[in-house]
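Here are some notes to read beside the model, in the order in which I would look at it.

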Amino acid sequence: MTSAVERVQRTLRRYGLGGAVGRVWAVARARVVLSEEHVWYCLEPNAPRPKPRLPDGLRVKVAERAEVARLDQWETLSTASAETRISEGNDLWVVLEGAQIIFSCWIFNRATPVVGAPDGLLTLDPGMVCLEDSFTGAAARGRGVAPSAWAAIADTLAAEGVDRIITKVGVENVASRRAVEKAGFEPVAVMRFRRRFGVSRTSIRTLDEGRGRFFARRLDSV
Ligand SMILES: CC(C)(COP(=O)(O)OP(=O)(O)OC[C@H]1O[C@@H](n2cnc3c(N)ncnc32)[C@H](O)[C@@H]1OP(=O)(O)O)[C@@H](O)C(=O)NCCC(=O)NCCS
């Protein structure tokens with residue numbers, strides 16, 4: 001568990017004092033009023049799909065212990081939280097350029113964190129995994145690293161018997177939506193989450209009747 005002191009230090013390092021105050025306010029406000037919209041995407045790794053190749057000199061792999069600790073470089077997740085995720089049976093994948101980590105993402109194997117899901121967790125169907133928290137280091141963006149890493153990860157998962165990879169992207173996150181579509185992910189549902197003074201509601205609009213049904217069944221608050 002990340003200690004409160006560690007969280008404060010991380011926030012100050014990352015945002016500076018002024019930014020940290022704004023951030024604390026935003027987090028406190030989000031507990032009362034929050035509005036989010038995400039697109040759920042789906043990739044069937046065994047079906048025909050684009051397979052962009054990793055640029056020369058890069059390799060993709062499941063992170064080892066030393067690499068998990070180095071993920072701290074981006075300050076997106078503490079080492080302790082990353083280790084907890086792994087102990088719960090999830091996988092951290094990285095792309096290395098030489099010894100440097102330039103990309104990371106998570107594969108959740110049984111359940112994935114979703115604001116608005118019952119208890120904040122979406123339980124996955126057998127054969128289904130969820131891709132989360134993809135991040136390309138700022139200097140490596142725009143080289144097609146993320147889509148080619150996902151394509152390679154999908155090859156490995158297909159060989160392990162996975163038949164569906166889901167992922168969600170904020171509707172306004174144009175870079176990420178372009179990136180997932182380059183790897184062949186298709187939009188199957190739009191999820192809206194609203195919280196007003198303690199009352200929350202999640203609604204799902206399916207874009208693809210068959211593959212969107214899973215999200216409507218599990219997440220729609222009706
Ligand atoms: C989303 C993200 C993982 C994409 O990674 P990537 O390795 O740069 O992927 P790509 O090279 O395919 O670029 C995807 C899009 O990013 C945008 N882009 C291109 N160069 C960029 C740069 N230098 N900086 C930022 N965005 C850039 C473009 O829109 C590009 O699409 P296009 O090639 O069709 O023009 C990366 O932008 C990122 O880490 N963003 C911050 C974290 C995030 O939003 N994660 C996703 C959460 S769902």
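1. A residue is called buried if its relative accessible area is under 20%, exposed if over 50%, and partly exposed in between, using a 1.4 Å probe and protein chains only. With a relative accessible area of 8%, E67 is therefore buried.

2. Please keep in mind that this is a predicted model, in which local features need pLDDT of at least 70 and side-chain atom pairs count only at pLDDT 80 or more, while totals for chains, interfaces and linings use all residues. Residues are numbered from 1 along each chain as its sequence is written, and side-chain values use heavy atoms, with hydrogens and water left out.

3. E67 belongs to helix α2, residues 65-70 (helices are DSSP runs of H or I with at least four residues, strands are runs of E with at least two, and both are numbered from the N terminus). Leaving aside residues up to four places away in sequence, E67 touches K61, V62, V94, L96 and I101, where contact means heavy atoms within 4.5 Å.

4. Which strands stand at the edges of the open sheet? The sheet has eight strands in the order β2-β3-β4-β7-β8-β1-β9-β10, with mixed pairing (two strands pair if DSSP finds at least two bridges between them). Strands β2 (58-62) and β10 (199-206) are at its edges, and each has a single partner strand, so one side of each lacks a neighbour in the sheet.

5. Strand β2 pairs with β3 (residues 91-97) in the antiparallel sense over five bridges, and V62 stands opposite W93 in β3.
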